[in-house]
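Here is a short briefing to read alongside the coordinates. Please have your viewer open and follow the points in order.

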Amino acid sequence: MAKMTAKDLDVLTHVLTGEEMACKKARIYSNTLTDTALAEEMERIACAHEKRFTALYAILNGGKE
């Protein structure tokens, strides 16, 4: 993998923060919604954000998870 620039790291850090916050919010919604279908959809969305966060974090750590 090519060496990342300071700008690359800055962008990656911002995207990681966004994915983390989106995951946390979706998880909170999934735990507070009373409509089962909506709660399940929010949990699915939280898992998708978590997967993206994990993949981006692996890039930040040089491909190691």
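The notes below cover helix packing, salt bridges and a surface patch.

This is a predicted model. Helices α1 (residues 6-32) and α2 have axes that come within 8 Å, and a search of the whole structure finds five salt bridges. A nonpolar patch on the surface is formed by Ile 28, Tyr 29, Leu 33 and Leu 38.

**Helix packing**

- Two packed helices are described by the angle between their axes and the distance between the axes.
- For α1 and α2, the axes cross at roughly 155 degrees and come within 8 Å.
- Angles over 145 degrees count as roughly antiparallel, so α1 and α2 are roughly antiparallel to each other.
- The crossing of α1 past α2 is left-handed.

- Arg 52 and Glu 19 pair through their side chains in a salt bridge, at 3.2 Å from N to O.
- This pair links distant parts of the chain, with Arg 52 in helix α2 and Glu 19 in helix α1, 33 residues apart.
- Which side of the cut-offs does each partner fall on: buried or partly exposed? Arg 52 counts as partly exposed because its relative accessibility is 39%, whereas Glu 19, at 12%, counts as buried.
- Arg 27 and Glu 43 also meet in a side-chain salt bridge, again with an N to O distance of 3.2 Å.
- Here too the pair links distant parts of the chain: Arg 27 belongs to helix α1 and Glu 43 to helix α2, and they are 16 residues apart.
- Arg 27 has 24% relative accessibility and so counts as partly exposed; Glu 43, at 29%, is partly exposed as well.

- The side chains of Glu 20 and Lys 24 form a salt bridge of 3.6 Å, N to O.
- Both residues sit in helix α1, four residues apart, which is about one turn of the helix.
- Glu 20 counts as partly exposed at 34% relative accessibility, and Lys 24 counts as partly exposed at 45%.

**Nonpolar surface patch**

- Together, Ile 28, Tyr 29, Leu 33 and Leu 38 have about 380 Å² of accessible area.
- Leu 38 counts as partly exposed because its relative accessibility is 46%.

Technical notes
Residues are numbered from 1 along each chain as its sequence is written. This is a predicted model: local features need pLDDT of at least 70, side-chain atom pairs count only at pLDDT 80 or more; totals for chains, interfaces and linings use all residues. Side-chain values use heavy atoms; hydrogens and water are left out. Patches are made of residues with over 30% relative accessible area and no salt bridge: like charges are joined within 9 Å, nonpolar side chains (Val, Leu, Ile, Met, Phe, Trp, Tyr) within 5 Å. Accessible areas come from the Shrake-Rupley method with a 1.4 Å probe; for residues, only the protein chains shown count as cover. A salt bridge is a side-chain nitrogen of Lys or Arg within 4 Å of a carboxyl oxygen of Asp or Glu. Buried means under 20% relative accessible area, exposed over 50%, partly exposed in between (1.4 Å probe, protein chains only). Axes are lines fitted to C-alpha atoms, for helices over the stretch in contact, and angles run from 0 to 180 degrees between N-to-C directions. Helices (H or I, at least four residues) and strands (E, at least two) are DSSP runs, numbered from the N terminus. Angles under 35 degrees count as roughly parallel, over 145 as roughly antiparallel, 65 to 115 as roughly perpendicular and the rest as oblique. A crossing is left-handed if the near helix is turned anticlockwise from the far one by less than a right angle, and right-handed if clockwise.
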